[in-house]
Amino acid sequence: MTRPDPKQVKAMTEIAGVPQDAEVSARIANSIGPAFDGFAPVSGTLPMDIEPASYLLVQRAKVSK
Amino acid sequence: MSDEPALMSLVAVAKAIAGKKLSSREVTQSCLDRIAQWQPRVNAFMAIEAEEALAAADAADAALAKGQNLGPLHGVPLAHKDMYYDAGKVVTCGSKIRRDFVPTTTSTALQRLKDAGTVRLGSLQMVEFAYGPTGHNPHYGAVRNPWNVDHITGGSSSGSGSAVAARLTFAALGSDTGGSIRMPAHFCGVTGFKTTVGLISRAGAMPLSQSLDTVGPLAQTVEDCALLVGLMAGADPEDPTTSSQPVPNYMAATTGSLKGLKIGVPTAFYVDDLDSEVARVLDETIATLKSEGAEIVKVELPDQRQLTAACQIVLATEAAAFHKRWMIERPQDYGAQVLMRLQNGLAIPGVTYLEAMRWRGPALAAYLAAVTGTDAVIAPVAPLPAATIAESDVGNSLDAEAVIQRITKFTRPINYLGLPSLSIPAGFTKTGLPVGMQLIGRAFDEAGLVRIGAAFQRATDYHQQVPKAA
């Protein structure tokens, strides 16, 4: 996974239906880029049989200390 | 020792009213007197409803005289972050867009406090749409820290932190999506309780991120917070994500000792890159916990930077989705920083968002495995004390997100994991600014945190310190 560059961000904002100009797109790319970098080690590594609701199974499991 | 009723703790004042040692009118008037004194300096209130509050206080006193006690908070005046819907009252959410918004329903958390007998003092300032950690607000002005009005309160529950610190209200609801209860608690020197995702209903609370939003109180003491959480917690048909488990008696946990408890200290991340005074307070807090009987152990946590990144991905995407209509129709009505942060969510692909949501379970399992054997983990709330309002006014500048991420780096991992975290006043800097520490627990083990936090407050008096009016 790589962080989106300003051109890609501009295209994504258009697809999302809230188009932004080049300047704002550059600012978004700069702001959100570190989150992509930080999540990169996880992205693409998850096993298939996990869904968002799996979180509740872990959260609400009886755990002893 | 002052005899101002407003300086009492929530639990103490509720007891005094119930025992007819103080009337609700006396207590409410005391709060209103302090509000008149402090509001021009700190800008903590969004709306002050003096006449209505006194009328409600008189009604509470009359009811009590007839032997009618409405509940554990009968006649106690409170004010809350201006994002909790209260039918018929303007709820601005700190925004220009909702400047005139009047909901037709009342939030479950607020209703449960009303049912316990509280009196409404007004509403409290907040960061626009609860999306910011400093306390700046371009529409209603920055809220100021009562310990030094040139400094930030932290956000987004800025008015809640400031008002409780200045003793303008006995407690206040905040909300915590990325640190918005713990940050003002840390910067303003009050106790703040971010609860487990699913413990308290979010129905009727303005949404920011449906996966991360939590409701919780800020108050003087852990005991005050325990009382409030106990009143608000529990299943709610209006919020199907709430847990159906019975609500424990959190007040019963306020008297336990620390003997036999293990508290973990992270070996990395939460102890890195700390301001020297925050590092000193952390060391002193650990020493106090140890002297009170806790066993201190080191814990090696999974890489927390990945959790902060995942939190940012989830929060940015969900916030952008909530705000998409207004981003199209009314972008000019947002403050620059909030608009910039909402726009960030437009650049996150659906697959990335869902990966971040899918990873939540495995990430929580890995964290729980790392803290096995401990009752809680102790960590700073933020790496630094309150900055000045001027130096942290970064708006939508190129480095704004980096500044925000640094302030919130120790709180966001806990939001992503959905765990409870209790922020307690733990010391002061040499210049007199408060420093808080957070106790992080296991899901739905708020009682365990109450036990530790209350024991810490029996051994210290940081939570009893009150800022002086100029």
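**Close-up views of salt bridges and a buried helix**

**View 1. B:E4 and B:R34 form a salt bridge in this predicted model.** The closest N and O atoms of B:E4 and B:R34 are 3.1 Å apart. Because B:E4 lies in the segment before α1 (10–18) of chain B, while B:R34 belongs to helix α2 (residues 24–42) of chain B, the pair ties together parts that are 30 residues apart in sequence. The two partners can also be described by their accessibility: B:E4, at 28% relative accessibility, counts as partly exposed, whereas B:R34, with a relative accessible area of 6%, is buried.

**View 2. A salt bridge joins the side chains of B:R25 and B:D58.** Here the N to O distance is 2.7 Å. Since B:R25 sits in helix α2 of chain B and B:D58 in helix α3 (residues 50–65) of chain B, this pair ties together parts that are 33 residues apart in sequence. B:R25 counts as partly exposed at 35% relative accessibility, and B:D58, at 32% relative accessibility, counts as partly exposed.

**View 3. The side chains of B:K89 and B:E49 meet in a salt bridge that links distant parts of chain B.** The N to O distance for this pair is 3.3 Å. B:K89 is found in the loop between β2 (77–81) and α4 (108–115) of chain B, and B:E49 in the loop between β1 (45–48) and α3 of chain B, so that the pair spans 40 residues. With a relative accessible area of 25%, B:K89 is partly exposed, whereas B:E49 counts as buried at 10% relative accessibility.

**View 4. B:K89 and B:E49 belong to a network of salt bridges.** Linked with B:E49 and B:K89 in this network are B:D86, B:K114 and B:R120. Over all chains, the structure holds 19 salt bridges, and the pairs B:E4 with B:R34, B:R25 with B:D58 and B:K89 with B:E49 are among them.

**View 5. Helix α11 (residues 350–358) of chain B contains several buried residues.** The buried residues in this helix are B:T352, B:Y353, B:E355, B:A356, B:M357 and B:R358. What covers them includes elements of both chains: from chain A there is α2 (22–39), and from chain B there are α9 (304–329), α12 (360–370) and α14 (412–417).

Key:
Residues are numbered from 1 along each chain as its sequence is written. Chains are lettered from A and ligands numbered from 1 in the order in which they are written. This is a predicted model: local features need pLDDT of at least 70, side-chain atom pairs count only at pLDDT 80 or more; totals for chains, interfaces and linings use all residues. Side-chain values use heavy atoms; hydrogens and water are left out. A salt bridge is a side-chain nitrogen of Lys or Arg within 4 Å of a carboxyl oxygen of Asp or Glu. Helices (H or I, at least four residues) and strands (E, at least two) are DSSP runs, numbered from the N terminus. Buried means under 20% relative accessible area, exposed over 50%, partly exposed in between (1.4 Å probe, protein chains only). Contact means heavy atoms within 4.5 Å.
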